[in-house]
Amino acid sequence: MIEIDGLTKRYGDKTAVDGLSFVVEPGVVTGFLGPNGAGKSTTMRMIAGLDRPTSGTVRVNGKHYPGAAAPMAELGILLDARSVHPGLSARNNLLALGRTAGIGRRRVDEVIELAGLGEVAGTRAGGFSLGMGQRLGVAAALLGQPQTVVLDEPVNGLDPDGVRWIRLLLKSLADEGRTVFVSSHLMSEMAQTATQLVVLGRGKLISQSSVEDFTGHAGAGGVIVRTPEPARLGQVLAAPGVTVIEDGSDLLRVSGTTAEQIGTAAWRAHLPVYELTPAQASLEEAFMQVTRDSIEYHAGATR
Amino acid sequence: MSAVMRSGVALAPVAPAPATAAGPVSQVRVVRAEWTKLRALRSTKWCGLSALVLIVGLGAASAGSGTPYHVSPGVSAAAAVSSGLLGVLFAQLLVGVVGVLAFSGEYGTGMIRATLAVVPARLPVLWAKLIVLVGLVLPVTLLCAFVDFFAATAIESSRGGSAISLTDPGVLRIMIGASLYLTVVVIIGLALGALLRRTATGLAVFAGVFFVVPIVVAALPHKITGFATYLPSNAGGALWGNPLTTGHALSPWAGFAVLCGYAVVLTGLAAWQLCRRDA
């Protein structure tokens, strides 16, 4: 579990993270979304104790992480930028980290296999491609079998095979009861892997909810119904809390009820329905809508 | 918030803590980790090998080219041994590189974030690097000094002279002193690397303090360079008889104490900064 309370980080007069408070629960994959410069990486560095908060607290598994007796059992982290020594082989990079927790070659070789680095384990990490470097970083995060796993942009630079590997990995870690906190700018990736979302904009918390709630709240949502009898179906569906908007000659946009209820009601009233589509906004649309005001660097902004 | 709490509770019933492979961190374990890195890095091997070649090679070359390696009216045993250790002047640069790189290499590559993430208490990393560097440099340079000595005496004997022996006054102190000097130099390099973080800056400052400043100062009138005695290279040089030190020198152990003072202050600053600054 990660508990963040009133977390603030200032660099000079620039506030990177501003009064952030949220909780990441174990047993589920929690996505961390936000535009570039929103403060995701800074937050993750503060979770690992690499950056000192200006104010506020971070607790990992209920503890102050820098004071943990067995840090590698508590937290494994992959940071956005590379954090391996190019002059050391993949195996020695991992061994050098593992030794601090009494982890030996056997476990190191295990994560090397897990990460699909078996063939390059003995070569210097400096020659690794972005994808292999990323696999090595993930291997390092998993090395201690930590209770909490924090990954900053894990699918960056991975091939489709690697992306699928990460997706399955995250789910299995969560299924084991671990806390999994993953940032990504790939909304579609988050939609497939995460069940919970923390959304950040300009260092502030914009939303924390399940992926479903997030996409449901934002955007039009509702159900799109195509019928030759829009007026009559509209009357049938009319109920407190239900909004029906006639949209064109044969389309209704209905919110406040489900596709199942609309279909059943239409069938009972003997009204034909040609199409019945839950118009859920995609995570991407929802994200764009929610963060529109807080995007720090607008594309094409004039200087 | 409420949605999260609800689903969090629903999806994650109280489960036993998942299996872990990691034990508690300890100073001994961090030392082993740092030794794993130092041993595997090419720069360590090359610097160690080069130091050996420089110290022994220059010593043997100077003995072979006729520099007396025996006691004569103008040359004490100590002075002869010191001049035979000329290579230390160059080896200190290599030792400084290894020291600076121990931290700057990690800052430059980003590995420092991985290192400090697994040892978030941070200070054990500094102590571990210090221990492995001392544990490497002290025996290696001691070996260099002794090989240098025996090579030079062998050359002297082959010329038919009666060479210096280890029991001559000051000889052992100078040989062990050269090794101690280089060991403290690696600590100063380590502290500079931790404080400055960049390899280029660290090496520039190190080379400036140990090479450029002493040479510049030696060329200036003594009136304004009274402090020269207290420069790290000159103060530490008193212990092993740095042949380039001119003018007034401190007593051997007083000079070494001054050198250690620099190392202690710089290491203290490095420790403070390591804890205080963001990684």
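## Ground rules

This is a predicted model, where local features need pLDDT of at least 70, side-chain atom pairs count only at pLDDT 80 or more, and totals for chains, interfaces and linings use all residues. Residues are numbered from 1 along each chain as its sequence is written, chains are lettered from A and ligands numbered from 1 in the order in which they are written, and side-chain values use heavy atoms, with hydrogens and water left out.

## Where the chains touch

Let's start with the contact (heavy atoms within 4.5 Å). Chain A brings 53 residues to it and chain B brings 45 residues. Together the two chains bury about 4,000 Å², and 61% of that is on carbon and sulfur atoms. Buried area here is the accessible area (1.4 Å probe) that two parts lose on being put together, summed over both. On chain A's side, A:Leu50, A:Arg99 and A:Thr100 supply 16% of the area that chain A buries against chain B, more than any other three residues.

What forms a salt bridge with A:Lys9? The partner is B:Asp278, with the closest N and O atoms 2.7 Å apart. A salt bridge needs a side-chain nitrogen of Lys or Arg within 4 Å of a carboxyl oxygen of Asp or Glu, and the rule finds one across this interface.

Which elements give two or more residues to the side of chain A that touches chain B? They are β1 (2-11), α2 (71-74), α3 (90-98) and β9 (204-210) of chain A. Helices (H or I, at least four residues) and strands (E, at least two) are DSSP runs, numbered from the N terminus. The largest share, five residues, comes from α3(A).

## Aromatic pairs

Over all chains, a search of the whole structure turns up nine aromatic pairs. Rings of Phe, Tyr and Trp (its six-membered ring) pair if their centres lie within 6.5 Å; planes under 30 degrees apart are stacked, over 60 edge-to-face, and the rest tilted. A:Phe22 and A:Phe32 make a tilted pair, 5.8 Å centre to centre with 50° between the planes. A:Phe22 sits in strand β2 (residues 14-24) of chain A and A:Phe32 in strand β3 (residues 29-33) of chain A, so the pair ties together parts that are ten residues apart in sequence.

Buried means under 20% relative accessible area, exposed over 50%, and partly exposed in between (1.4 Å probe, protein chains only). A:Phe22 is buried at 1%, and A:Phe32 is buried at 0%. Over in chain B, B:Phe146 and B:Phe150 form a tilted pair, 6.3 Å centre to centre with 35° between the planes. B:Phe146 is partly exposed at 24%, and B:Phe150 is partly exposed at 45%.
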